[in-house]
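Work through the exercises below with the structure open. Try each task before reading its solution.

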Amino acid sequence: MKLKLLSFAAILACGLGPVAHAAEGELVIGTEGAYPPFSMADANGNVTGFDADVGNAVCAKLQLKCRFVVQAFDGLIPALNAKRFDIIISGMSITDERQKQIDFSRSYGEFPNHFIAKKDSELAGAKDLDTLKKDLGGMRVGVQAGTTHAAYVEKNLPDAQLMTYDTLDQMQIDLASGRLDTSFADVTAQNDFLAKPDGADFQLVDVVIDSSSDATLGTGLGIGIRKDEAELKERINQALCDLGADGSMKAASEKWFKMDISQTCK
């Protein structure tokens, strides 16, 4: 409910009609605001996290003022196409399905994905993907709605009970309370949960699922752009290359994730 209220307020703030802010000295960025450490929004709508650092750095390279709009993750693409903001920066993976609706910048980051489980559970001891898939049969698997993780579970684990959540916090509450057997997310989000008191009895399942291992997981993180914004896409791609070359992307990654997930231009 908190996220929905923030989203509604943010939409009102930017207006319901089409916008062209990038041409007016301002870049309006859609982000979820509820997926730490990628994107966190406080009660006043102020956004921090890796996505905010990337957005601010891109704006600086483009010599534009940044403004963030908080929007539920599964509403980001429709809102972008409705011109409620100019671009999406929200830990969004580049996938074929999403590319049918919007365009993307070049990839600027990639990360591994993990299931998480109670330390004393049979699932925690899985050592290979085939064993893991078998063990997950019939289990309640939590994912965030509209994500690549939801698509992966739906495709690859037909015998699992797929449980979808609007936000990461909601999923983690159910995991800690025993209403879920496991959750599936990127390693940064899972580590965020493990660092909390509620995550003390949990661990990452050893099986690493790289984004490149399945088409549903995409080809890395990208900035979402409308299909009719070729000039803006070119400028953003150059900004991302510059941020990779000068070490800014690596620094932001290590600041928020304690690891380097950045990708540089080749």
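**Exercise 1. Two helices in contact**

Which residues in H2 meet which residues in H10? Then classify the angle between the two helices.

*Solution.* The model is predicted. Start with the contact.

- Step 1. On the H2 side, take Phe50, Asp53 and Val54.
- Step 2. On the H10 side, take Met249, Ala252, Ser253, Lys255, Trp256 and Phe257.
- Step 3. Sort the contact of H2 with H10 by class: six residues are nonpolar, one is polar and two are charged.
- Step 4. Now turn to the axes. H2 covers residues 50-62 and H10 covers residues 248-257. Their axes come within 9 Å and cross at roughly 160 degrees.
- Step 5. Angles over 145 degrees count as roughly antiparallel. H2 and H10 are therefore roughly antiparallel to each other.

**Exercise 2. Strand order**

In what order do the five strands of the open sheet run?

*Solution.* 

- Step 1. Read the order as E5-E1-E6-E14-E7, with mixed pairing.
- Step 2. Look inside the order. E6 (residues 87-88) and E14 (residues 224-225) pair in the antiparallel sense, over two bridges.
- Step 3. Isoleucine 87 stands opposite isoleucine 225 in E14.
- Step 4. Return to H2. This helix packs on the sheet and touches E1 (26-31) and E5. The direction of H2 makes about 150 degrees with that of E5.

**Exercise 3. A ring pair**

Why is the pair of phenylalanine 50 and tyrosine 108 classed as it is?

*Solution.* 

- Step 1. Count the aromatic pairs: there are nine.
- Step 2. In this pair, the ring centres of phenylalanine 50 and tyrosine 108 are 6.4 Å apart.
- Step 3. Their planes stand at 35 degrees, so the pair is tilted.
- Step 4. Phenylalanine 50 is in H2, and tyrosine 108 is in the loop between E7 and E8 (112-118). They are 58 residues apart, so the pair links distant parts of the chain.

Methods
Residues numbered from 1 in each chain as written. Predicted model: local features only at pLDDT ≥ 70, side-chain atom pairs only at ≥ 80, totals over all residues. Heavy atoms only, no water. Axes fitted to C-alpha atoms, helices over the stretch in contact; angles between N-to-C directions. Helix = DSSP H or I, 4+ residues; strand = E, 2+ residues; numbered from the N terminus. Parallel < 35°, antiparallel > 145°, perpendicular 65-115°, else oblique. Contact = heavy atoms within 4.5 Å. Nonpolar A, V, L, I, M, F, W, Y, C, P; charged D, E, K, R; others polar. Pairing = 2+ DSSP bridges. Phe/Tyr/Trp six-rings, centres within 6.5 Å; stacked < 30°, edge-to-face > 60°.
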